[in-house]
Amino acid sequence: MATTRSIPAPHPHPDTQAFWDAAVNGKFLIRRCDACGKTHWYPRPICPFCASPATQWVEASGRGTVYSYSVNRHADPVYIIAYVTLAEGPTMLTNLVDCNPDEPLIGRAVKLVFTPTDGGPPVPTFTLA
Amino acid sequence: MTIKNQAYIVGAFEHPTRKAADKSVAQLHAEVAIGALTDAGLAKSDVDGYFCAGDAPGTGPLSMVDYLNLKVRHLDSTDIGGASYLLHVAHAAEAIAAGRCNVALITLAGRPRSEGVATGTAPRVRNPNEPDVQWESPFGLTVVNGYAMAAMRHMYQFGTTSEQLAWIKVAASHHAQHNPRAMLRNVVTVADVVNSPMVADPLHRLDCCVISDGGGALVVVRPEIAKILKRPRVKVRGAGEASKHQQGGDIDLTYSGAVISGPAAFAEAGVKPSDIKYASIYDSFTITVLIQIEDLGFCAKGQGGRFVSDGNLIAGVGRLPFNTDGGGLCNNHPANRGGMTKVIEAVRQLRSEAHPAVQVKNCDLALAHGTGGMLSTRHGSATLILER
């Protein structure tokens, strides 16, 4: 079932503006550190693993698997919040969209789909691959 | 430096209210402060250290020391959410050991029930400068669904069931029936819990704590002062604190910061989990209790569901009597922060002042533990080991 939940616009910061600008153009960026080679989430200029400033934006594959989720039964419409582990490594908070909330979803393969927000850039969400 | 045996809890007070429509938050803080000082046999003018957290209105401790007209030489408003007050006891002991104060007052109060706060089911209003808010708010993260994701993963990874989680509520309700002030006094069954409405899968309505007004306060003093007071002395024997967060995206929802704070507290106290006679365990949700019990070493990781089943947390029945006041799950959760009442019930147990129906016999060693913030994103953990 589709969720038509009204999503509040994200509030970009100076160090994340590029992410949201890319999202408007349908590109899903993550942050990678050239010093230690790791990608992290959420993106930040200083690597949270090795503290190097040598980080850069890279386009992610948009592929991942569901680490965990919950169905917000209290909301109307019902929506699914989830942690998805990206193919590149890090796990991120997101929504699962166009999924049946009554079937088990942990471990399922998912792919990126941007979802519009109220007057802001779209946000990265996922649906079954 | 150790805080072992350096400080005593000599005053503890839980506000009797569960709904304070006619009182201000500051007034509630003042009422619990006076309550705890009276319990200790001390005066407001004896206080030279003050501790509070984000529930106190104003900039850190400043408005409250003004309102209470305290003249203090040590201040601490470290805020790790609902676990702050457990951490404050440890910080008070540190300050006392370092000679920074002699009589530390810790207060908590709030009125989310009167203010109609949709505590668990609506996203919190947050400061947009928080670095994580843009990555969380659009997705509808709430308190309940945040904890629910930890429960869902625990079930997937370890086979934990809703029925096992329900036993935690069942145990709390067995205790709450003896507490005339508890919001939920009816004894419930596993079936009652799993048949209550689903809020955020897999957490049902009865997997959640109550929303209440109220508060509590503690007085912590140096040993020389404790010895001249009349109340039974509760010694701070060990403490630990930690934070756990998203770790750059290296997320594992199956454990909490208690894996750090628990062993640190046990090491300082020189005791082990099997020595603990009574445990106050933070109970925002049933899953919170289960994960912390594992992390604190009362059972192996993944075995929490089995451990909490069949009444093992019920006083007089099970191996680990917990939250004998009914806890946040049934009694109260003042200001949406359960850490203060965790310490207070542990103090009651060690003083042999719990309700006779739930008083643990020969209770000379207790643990109090809290998780503040959000289990599945970032939280603070604080563990105390207290001795009669």
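**Helix 12 of chain B and beyond**

Guide: Let's start with helix 12 of chain B, residues 339–350: its 12 residues reach 17 Å from first C-alpha to last, close to the 16 Å expected at 1.5 Å a residue. Keep in mind that this is a predicted model.

Visitor: Okay. How many of the residues of helix 12 of chain B are buried?

Guide: 12 of the 12, so helix 12 of chain B is largely enclosed by the rest of the structure.

Visitor: Zooming out, how many helices and strands does chain B have?

Guide: Chain B has 12 helices and 11 strands. Buried residues make up 61% of its 388 residues.

Visitor: Switching topic: how many residues of chain B are in contact with chain A?

Guide: 26 residues of chain B, and they meet 35 residues of chain A. On the chain B side, helix 4 (143–158) and strand 5 (198–200) each supply at least two residues.

Visitor: Which helix of chain B gives the most to that side?

Guide: Helix 4 of chain B, with 6 residues. By class, the side of chain B that touches chain A has 15 nonpolar, 7 polar and 4 charged residues.

Visitor: Now chain A. How many residues of strand 5 of chain A are buried?

Guide: 8 of the 8 in strand 5 of chain A, residues 79–86, so this strand is largely enclosed by the rest of the structure. Tyr79(A), Ile81(A), Tyr83(A) and Thr85(A) point one way, while Ile80(A), Ala82(A), Val84(A) and Leu86(A) point the other way.

Visitor: Which strands does strand 5 of chain A pair with?

Guide: With strand 4 of chain A (residues 63–72), it pairs in the antiparallel sense over 8 bridges, and Tyr79(A) is the bridge partner of Asn72(A). A hairpin of 6 residues joins strand 4 of chain A to strand 5 of chain A. Strand 6 of chain A (residues 91–96) is also antiparallel to strand 5 of chain A, with 6 bridges, and Val84(A) stands opposite Met92(A) there.

Visitor: What's in the hairpin between strand 5 and strand 6 of chain A?

Guide: That hairpin has 4 residues between the strands, and Gly89(A) takes a positive phi near 130°.

Visitor: Last one: what's the strand order in the open sheet of 3 strands in chain A?

Guide: The order is 2-1-3, with antiparallel pairing. Strand 2 (39–40) and strand 3 (55–59) of chain A are at the edges with a single partner strand each, so one side of each has no neighbour in the sheet. Strand 1 of chain A (residues 29–33) is joined to strand 3 of chain A by 5 bridges, and Cys33(A) stands opposite Thr55(A).

Key:
Residues numbered from 1 in each chain as written. Chains lettered and ligands numbered in written order. Predicted model: local features only at pLDDT ≥ 70, side-chain atom pairs only at ≥ 80, totals over all residues. Contact = placed C-beta atoms within 7 Å. Nonpolar A, V, L, I, M, F, W, Y, C, P; charged D, E, K, R; others polar. Pairing = 2+ DSSP bridges. Expected span 1.5 Å × (residues − 1). Buried ≥ 20, exposed ≤ 12 C-beta atoms within 10 Å, placed from the backbone.
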